[in-house]
Protein chains: 2
Amino acid sequence: MAIERRPLREQIRDELMDRLTRGEFAAGTDVNEAVLAAELGVSRTPLREALIALAGEGVLESSQGRGFRFAPVSRKEFRELVAIVAALEALALESSDPGHLRTIAPRLLDLAQGFPDQVATHATVDRRDDEWHGLLLSGCANERLLDLLTRVKAGMRRYENLVVAEDEPVARESEEHCEIARRLLADDLPGAITALRANWIGGMERMLAHLPED
Amino acid sequence: MAIERRPLREQIRDELMDRLTRGEFAAGTDVNEAVLAAELGVSRTPLREALIALAGEGVLESSQGRGFRFAPVSRKEFRELVAIVAALEALALESSDPGHLRTIAPRLLDLAQGFPDQVATHATVDRRDDEWHGLLLSGCANERLLDLLTRVKAGMRRYENLVVAEDEPVARESEEHCEIARRLLADDLPGAITALRANWIGGMERMLAHLPED
DNA sequence: GTCCCGCATTTTGTATTCAAAATGCATAGT
DNA sequence: ACTATGCATTTTGAATACAAAATGCGGGAC
């Protein structure tokens, strides 16, 4: 058994991201350091270190004397984040090894088609989506890019549980993933990149349709 | 007079970035927290907070029990960072208001042509380059994107003083900026974006030519 | 009744202290 | 001579203590 030897700040960061994904923190609300630290069973020091790291990812904001608060959400920011992620994933795909892409294409197709009928919670859908995109980018050798992507995506997690999963959007998502996989199977990298961009933009619009006005 | 009221961690972060730009920290060397804190006249707490923020930007690395060290440099990482910045600036330009771009185009041309003959230190060249790119992106409404760009560029600062400024590369840089500005003047946004990408890639190759093998 | 001022309380920002892990050196054993 | 082991020292990681700023409430002036 591998005993856990990671800095508390990292464990705390992960735990906070988990709770955020579970919808335990409302956007725009203040963080009370003493309360949260007690709740987590740690002191304020490593908690603050985790908060600072999360602020660097855009999950939190801070202002002098007023501490940290969960960053408010807005349709504008969501659009901005999607545009960024779309561009970065496109770059990642563009700089991937074509041979590797051909290899994983069948698996991508399988995953995209698999279990489309099952009733799925929102969390399940998101996890499967992450997994799919993770596999898609598994051939990207640009480590800094992959790092950056995970950080930007962390900043997007706040938006995930703002809408409920519906059948039609999930089906569309699945169809778009199939399309990308088919392009890769056909060795059509530019087409796959275009389809990937469309997937992000389409997913964004589907979410925006269900998000309340600011 | 506006008195300074920012958290120490931010002032420390900026100071460390300044010193890094001045070449005071060698890549790969460890940070001794106690020594550095004493040198800056602060306690270890806000210093560590600044170090964590910088680690989030890729300037520093950390490992359990061994503290922080300035991230080592490599040709591979430099290429990765340039690819990222090129893609992000291209996106920023793409999503800028065309009207605004037309407005600033003459000024961009001026700046690109201005003072090309003057003998310039490396720091001066870099500052002018930053200024130019800043103006180029001034019409981008995507705030998250601009934020991200400054953070990624901070991670690139480690490479700036690894080579000495030479006449020929600086002239090329100037010429490429002119080219971008001319495209904007001609309302040729796609052309400007292509030229911008070429500018980053070209600049990268000019630097790589003078960087030692890993 | 409403607005403003001042004090008590809460909360953040920073310093200090304590604990645990890593490093380096000296020594003993082969 | 070289390696391994144990101890002293250094350095990091985390908790606690302290200081300063912000918040909220109550009383008084108008």
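For sorting residues by class, Ala, Val, Leu, Ile, Met, Phe, Trp, Tyr, Cys and Pro count as nonpolar, Asp, Glu, Lys and Arg as charged, and the others, Gly among them, as polar. This is a predicted model, where local features need pLDDT of at least 70, side-chain atom pairs count only at pLDDT 80 or more, and totals for chains, interfaces and linings use all residues. Residues are numbered from 1 along each chain as its sequence is written, while chains are lettered from A and ligands numbered from 1 in the order in which they are written.

Let's start at DNA strand D. Its surface divides into 6 nonpolar, 9 polar and 5 charged residues. Helices here are DSSP runs (H or I, at least four residues), numbered from the N terminus. The largest share of this surface, 3 residues, comes from α3(A).

Two residues are in contact if their C-beta atoms, placed from the backbone, lie within 7 Å. On that basis, 24 residues of chain A and 23 residues of chain B take part. On the chain A side, α4(A) brings the largest share, 8 residues, and the residues there split into 11 nonpolar, 5 polar and 8 charged.

Notes. Helices (H or I, at least four residues) and strands (E, at least two) are DSSP runs, numbered from the N terminus.
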